[in-house]
Amino acid sequence: MTRTLFVGQLSAVVLLALSSSCYSPNPSGVDDDDPLRKQTVMEVPQELLPPEYRPKTFVPAKLMTLTMKAPAGGDGGRGDEFTVYITNDLGRSWREIEPVAQNGDKMTIEVDEPGIYGLWADRHRAGQTPRRPRPGESPHHVVAGDGDGPTIQFLTAGEGDVLGPLADEIRYRVDDTFLEQGSIAIEYRPAGTEAWRPVASGLNDAGVHRWELPAHDGRVEFRVSAADRAGNKATAVSRPILIDRGAPVVSIDGPLERRSRQGSFAYRARDPAGTP
């Protein structure tokens, strides 16, 4: 299913719309399922981007479909040509991008790598030289291409992978430039079972969660999941973690032979839950 977002009048003669899904059927037969090659790396943090380069559209692949239309009241003949320029350095330089496929007013383009891209379109008559955007000129539309899901690491739980009344923290790490806020969830399941049970959801990337331990002891697994703003999802499952709520049991067997002012005695210590 393709959702098309119209972003308004680009110039006196062009409207540009960007498909937010590139997995829709392509009349040219081009394979749209090729994922992005690596995790997005940004030049500057998103909060420091100029306002015109803060993306509102996120595409989960490196192929994206543009729809060009003449504005209402224009002389939008279908014989007109569109030329699209792209920038990935905040408009310092622009280059014309050749479409991977084109069908009427729909054009499929491919970006080189993950990141934030500014798009600029010029509509012109066949044979005319298109106008190229000037360095520093604002884009008509901005899109973030991100085909990789978040990178998730389960770090540790409790102390030395043992959870107890005084060691109830779950630590994890989630990395993604375009992480969807509130998308992180943690679940657990007792060892040997299939169904996951909720621990917490709606988390931001704090990296630590204090868990109110369940009533039972034993070994459990945790699953951490997260999503980014392009809709990519990822999960990570922990190694077995021990929940041990009970204190060790210690017994004294009695004193040994006393030979001086110093003495010795024997004792036993064990932990029913099996904590080393």
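User: What makes Val208 the bridge partner of Arg171, and how do you know that their strands pair?

Analyst: Val208 lies in β16 and is the bridge partner of Arg171. Two strands pair if DSSP finds at least two bridges between them; β13 (residues 169-175) and β16 are joined by 3 bridges and run antiparallel, so they count as paired. The model is a predicted one, in which local features need pLDDT of at least 70, side-chain atom pairs count only at pLDDT 80 or more, and totals for chains, interfaces and linings use all residues. Residues are numbered from 1 along each chain as its sequence is written, and side-chain values use heavy atoms, with hydrogens and water left out.

User: Why do β11 and β16 stand at the edges of their sheet?

Analyst: The open sheet has 3 strands in the order β11-β13-β16, with antiparallel pairing. β11 (151-157) and β16 (208-210) each have a single partner strand, so one side of each lacks a neighbour in the sheet.

User: What makes strand β10 mostly covered?

Analyst: Buried means under 20% relative accessible area, exposed over 50%, and partly exposed in between (1.4 Å probe, protein chains only). In β10 (residues 141-145), 5 of its 5 residues are buried. His141, Val143 and Gly145 are buried on one side, and Val142 and Ala144 on the other.

User: Why is Asn88 called partly exposed?

Analyst: The relative accessible area of Asn88 is 41%, which lies between 20% and 50%, so the term applies. Asn88 sits in the loop between β5 (81-87) and β6 (95-96); strands here are DSSP runs (E, at least two residues), numbered from the N terminus.

Technical notes:
Helix = DSSP H or I, 4+ residues; strand = E, 2+ residues; numbered from the N terminus.
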